[in-house]
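Take a look at the model first, and then we can go through it together.

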Amino acid sequence: MDQATSAALLAAHADTGGSMDAHWMPFTANRQFKKAPRLLAKASGMHYWTPEGRQILDGVAGLWCVNAGHGRPKIVQAIQEQAAEMDYAPPFNMGHPKGFELADAVSKLTPDGLNRVFFTNSGSEAVETALKIALAYHRTRGEASRTRLIGRERGYHGVNFGGISVGGMVANRKMFGTMIAGVDHIRHTHDPAKNAFSRGQPAHGAELADDLERLVALHDASTIAAVIVEPVAGSTGVLVPPQGYLQRLRDICDKHGILLIFDEVITGFGRTGNPFAAHTFGVTPDLMTVAKGITNGCVPMGAVIAKQGIHDAFMNGPEHVIELFHGYTYSAHPLACAAGLGTLATYADEGLLTRASQMEATFADAVHGLRDLPNVIDIRNIGLVGGIELAPIAGEPGKRAFNVFLDCWDKGVLIRTTGDTIALSPPLIIEPQHIEQIVSTVAGAIRRAA
Ligand SMILES: Cc1ncc(COP(=O)(O)O)c(C=O)c1O
């Protein structure tokens, strides 16, 4: 039995003086996990393998990041060669060729005008960086009163203080005090009464963007620096933007001189059927945050991509003076840059950044086929993202979906759940037979979780 073998491996670790106690695991039910560990030891293509050799089909691209699938040769080789050639280069007042090469390659994929790339090590850091750039941009232009940041209810922007402040997921916020000052939120766009079981973009809700006008009326535009939203909210349970919503948000931001930030940490690099969700929805932000798919999840990396005008506003003052007092020891880390270049080459070789648009109909048919199963109350999809929302067990929110997750793991499919929503985001190399296996496994688990 799989879990028994994993437990045996951990017992062997214990025999040599080790234990599972020291590793305080992130976003994990630690006690539940350590009683029945789920371990991964190897990965290739669409699959993981457990230490005892059980094959697991990856329905979530690791954590929305392994877009080209696992163990891709160009990426592996690039990382190996870079590690041998130069392990580290300081990024402050120094550079290395691959940092410039990767920034250039990324800027060729982003929507027109977004062509200045600031590297970070994660999505959370990209968000902090984007918020700071927005504040500093207004100040540098002489509009220092624009200090307010606007997020959206149910938004997820990572776990650092700026990100949880503009974020809107209560469990990620309530334990951590008052967060940063001067933040407000527009309403989320989830409206199951009108939009349940929409395929692609829901028809109703463009007017929810007008909630930004309410905050402008309350605070005055002269105090607002930026609005940050995920084009498709992922971590809160796959909320696809209503038709016209993002354009309306763009128009209101333009009207009031507010910067629009798209957090494309999960939507970037092909997830919605185009390189970025900004392309899919035809709306260009002023700043964009990315991570995950930039290196196929192989080496930690994030980035903020800014419109050139935002970057250029900083390029004043004496030339020997640092223009933006911000950066990380590992910004543009050589291994991450090598992984990024290998990743972008793999995406280009295989047309992966638009492959989700070719697979979308097959994927949508399969996930919407779960509609009549017990306790399924909504299904949402875009590109290669699917959300299947289940009715909660009375008094135990999240448990029904978690049971489905455990059941799928037992049956050899890795899925992810948030609250009572199952979120699917498979590698973009997925083939129809994998879709069939993921969805039929989820179907069986939903039936058993009734
Ligand atoms: C939209 C969004 N922003 C930010 C983050 C945070 O990224 P990281 O976990 O790399 O810090 C995530 C992670 O899932 C995300 O989905």
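## A word on strands

Strands here are DSSP runs of E with at least two residues, numbered from the N terminus. Two of them pair if DSSP finds at least two bridges between them. Please keep in mind that this is a predicted model.

## Strand β15 and its partners

Let's start with β15, which covers residues 421–424. Strand β12 (residues 385–390) runs antiparallel to β15, and four bridges join the two. In this pairing, E389 stands opposite T421 in β15.

Strand β14 (residues 416–418) is also antiparallel to β15, with three bridges between them. Here T417 stands opposite I422 of β15. β14 and β15 make a hairpin with two residues between them, and G419 in the turn has a positive phi of about 55 degrees.

## The ligand shell

The ligand is surrounded by 14 residues, and the closest are S122, G123, S124, G158 and V265. Helix α6 (residues 123–140) gives the most to this shell, with three residues. Sorted by class, the shell has seven polar, five nonpolar and two charged residues.

## The whole chain

Stepping back, the protein chain has 17 helices and 15 strands. Its radius of gyration is 22 Å, close to the 22 Å that the globule rule gives for 450 residues, so the chain is as compact as a globular protein of that length. Buried residues make up 49% of the 450 residues.

Definitions and conventions
Residues numbered from 1 in each chain as written. Predicted model: local features only at pLDDT ≥ 70, side-chain atom pairs only at ≥ 80, totals over all residues. Rg over C-alpha atoms; globule rule 2.2 N^0.38 Å. Buried ≥ 20, exposed ≤ 12 C-beta atoms within 10 Å, placed from the backbone. Near = placed C-beta within 6 Å. Nonpolar A, V, L, I, M, F, W, Y, C, P; charged D, E, K, R; others polar.
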